[in-house]
Each structure stands twice: as structure tokens, then as C-alpha cells.
Amino acid sequence: MNASLSDVTPPATDTASTTTRRQWLAVIAVTISAFAFVTSEFLPVGLLPQIARDLGVSPGIAGLMVTTPGVLAAFSAPALMILAGRADRRHVFLLLTAVLLAANLVCATSAHLLTMLIGRALLGAALGGFWTLATAAAGRLVQPADAAKATATILTGVMLATVVGVPLGTFIASLESWRASFFSTGALAAVALVLQAWLTPSLPSATALRFGELVEVLRRPFVSLSMLMIALVFGAHFSTYTYVAPWLQQAFSTREMTMLLLAFGVTGFLTNMLLSTVIAERLKASLAVMMLLMLSSIASMLLLDHSRAGEVFAMLIWGAAFGALPLCCSVWIQQGIADAPEAGSALFVGVIQVAIAVGSSVGGGIVDMAGGRADFTFGCALTLLGFVALQRVVALERARTKAPDCRCTPSLE
């Protein structure tokens, strides 16, 4: 889930045309932080049954561990950028990484649900601001010619976290406890903090995001409908995936489930890598296909009724689909709101976090009241609505770009 904030001030680094080793090390420091953030956000997914049991709550209530950071991140994405103004982005990054460290330590030592949720709220407060800054910092940490490579490096940390973050946390918990998983992620955040303090240069900002710009962009029909589409798709995923561990435990052992979650991430990583080479030319088709694949995989989980082979196949297809969806949606927004990248990025991050929060919360309520089958049915319905919204926004753009007085955006075909 990548976002950007295009500051006009050049990187506060040396003026040589070749990026130095120290500059690349600064990029690596941010990449480690990105890995820690993504792993921390979704760590409870693989640990949900254990944490729920130890804290004495139902799986649906334990799902608040995913909902809470989503709610906070949705507000912090635009709010932090507005409040930060022209503050040195180096100081903002250090603050956000320090909060990430504190959040994991609070979670690791929690004895009650309330304390756990306080830790998750701290994570959410830092999460939204981090994603609205991350890719912009990449371009400013290196020389202009290496900006794209630096951005790709940071996003590699995100992809690796989606592949190994959740299964690694589950594996550590199987050896020790779920608390050890949070302590391990906290240690990683501490490493990132030290490296950033040592390597990250000053990153002064000459511009500041204004609230009025967010409102103006959101009023555009393309933007509002696209954000609805993104909210539906991400809501569908997190209303079901958050509770996939209790579902899979009915047919798989903990170790088998860990391997299946790893396979889920690996297929997503591979799909993301392969699709990145063609997505610019086949954006609409890529987005539509990934939505349909996710719909078919969630529906298969229902129809195959805990068939081991069927669920393995469904999880692999689901992983392939969702592994590419964040990239597809990100490029969709970047192309469609090219004239206001800062506002587009903040809105994109905020909407995704709202979808995570609402999706996991509603999904938890459905699981507790009606069971997993009802929850997966709900996920199918949301995915289908997201696909309908995609068709509507494409039709809207085709009509708008044919108008003689339109303010055209790049083709989304």
C-alpha cells in the first residue's frame, strides 16, 4: 500500500551524480522500518486464536487488534501531513519509528485486551503518516537518477513483509509464544530507528498539504467512486482474511497453517512482480482480473467445505489476487489523480485503513454471531460490489474524457 508525498525541496545529500553507499544504506534503513510496520500491522492475523485464548476474549473481539490501528491510521494519514507542515521529514520518520517500537513493546507485555488495544492504537497513529511519507523519502534520499530504484527497494520491504511477516510471527509463536512475536518485531523497529538516526540526512520540506486540497480532490466523481471501489475490495479482504486462521484450523494443524499462510504470501509476491511489468498497459484488465480471482477464491472457501486440497488451492489463488491488488489500486490512483499526488496519496492511505478497520470489525461481529460461513459470504458480496464500482468508474472516465471541455487524466486502460 504505497503512497507518495512530492516535496519540491531536493534531497539534503551530497551533490554528486552517483548515489553513495551511505545514501543507499539510508534507503535500507527506511526499508527495514517499512517491513516492521507491515509485519506489525498484520501480525495478529496469524496469532488470533492464541491471543484470544490468553486474553480471555472471543476471536471476533480479538479482531479489534486489526480494527484499532486501521481506524487510527485512517485519521493520521491526512492529519499528520497537515500538522507536520514544513517540518524536517527526518524528524518525522524518527518519531514514527519510535512510536512503532513502543507499540510493539506494549502489545508484547499486555495482560488485558485494553492494554493490547492501546498498543495497537499507537501503531495506527504512526502507520498512516509513515505510508504517506515513505516513497517520497526514497526519492529524496538518493540522486534523481536512482529515485525509482530507491522507491522499489522500500516497496520490496513491504512485499517481503506480506510474504513472511504473518507466517514468521506464527512460526515464532509456535516455538515460544505470541508475545515473542511482538518482541521480535519491536527489536526490528529498534534496529530501524538506530539506522535512521545514524544514516538519514535532513529532509526539509518546502510545501505543506492543505485540508482544502483534500476536500477539492475528493469532490471529483472519479476520485469518490474510485475510493469507494478500493474501500469495498480491501474491506472484502480484511473482513475475511482477518479470521482465516480460525477457519483453517478446522482442517490444518498450526504448522500446516503457517506453511499455508507463507504460500499465500509467496504467490502474492510473485504475482506482484510479474504484473508490475505489464500493469501500465493493462491497468483496467489487471484490476478486474484480480478482483474476480479474489471473488472466486473466497467463494471456493465456502463451497469446498473444508476440503484440504480445495482450501490450499483457494488460498493460493487468493494470495495471487490480493498480492497484486494494492499495486493495481496504487497505480490507478497515481494515474487518475496525477495533478494532486499529495492529496491523492493521503486519501488513498486513509481509505485503505478505514476499509481495514471497518472490514475486520464487521467481519468479527459476523463471525461471533453467525459463524465463518456467513463472514465469507459477506466478503464475496463486498468483492462483487467492488467489481461493479470498477465498471462504473471506467464508464464515467470514458464519458468524461470524450467531453470537449474536460480536464483529462491519463488513460486507465
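Student: How far apart are the end C-alpha atoms of helix α13?

Tutor: They are 42 Å apart in this predicted model. Helix α13 covers residues 308-336. At 1.5 Å a residue, its 29 residues should span 42 Å, so the two values agree.

Student: Where in α13 is there a kink?

Tutor: At Leu325, shortly before the proline Pro326. The kink is about 30°.

Student: And is α13 mostly covered or mostly exposed?

Tutor: Mostly covered. Of its 29 residues, 22 are buried.

Student: OK, rings now. How many aromatic pairs are there in the whole structure?

Tutor: The search finds twelve. One of them is Phe93 with Phe130. That pair is edge-to-face, with 80° between the planes and 5.7 Å centre to centre.

Student: Why does the pair of Phe93 and Phe130 tie parts together?

Tutor: Because Phe93 lies in helix α4 (residues 89-108) and Phe130 in helix α5 (residues 113-141). The pair thus links parts that are 37 residues apart in sequence.

Student: Are those two buried or exposed?

Tutor: Phe93 and Phe130 are both buried.

Student: What about Trp178 and Phe182?

Tutor: Also an edge-to-face pair: 6.0 Å centre to centre, 90° between the planes. Both residues lie in helix α7 (residues 178-199). They are four residues apart, about one turn of the helix. Trp178 is buried, and Phe182 is too.

Student: Which residues form one aromatic cluster?

Tutor: Tyr241, Trp247, Phe264, Trp318 and Phe376.

Conventions
Residues numbered from 1 in each chain as written. Predicted model: local features only at pLDDT ≥ 70, side-chain atom pairs only at ≥ 80, totals over all residues. Heavy atoms only, no water. Phe/Tyr/Trp six-rings, centres within 6.5 Å; stacked < 30°, edge-to-face > 60°. Helix = DSSP H or I, 4+ residues; strand = E, 2+ residues; numbered from the N terminus. Buried < 20%, exposed > 50% of the residue type's maximum accessible area, 1.4 Å probe, protein only. Expected span 1.5 Å × (residues − 1). Bend = angle between axes of the 7 residues up to and from the residue.
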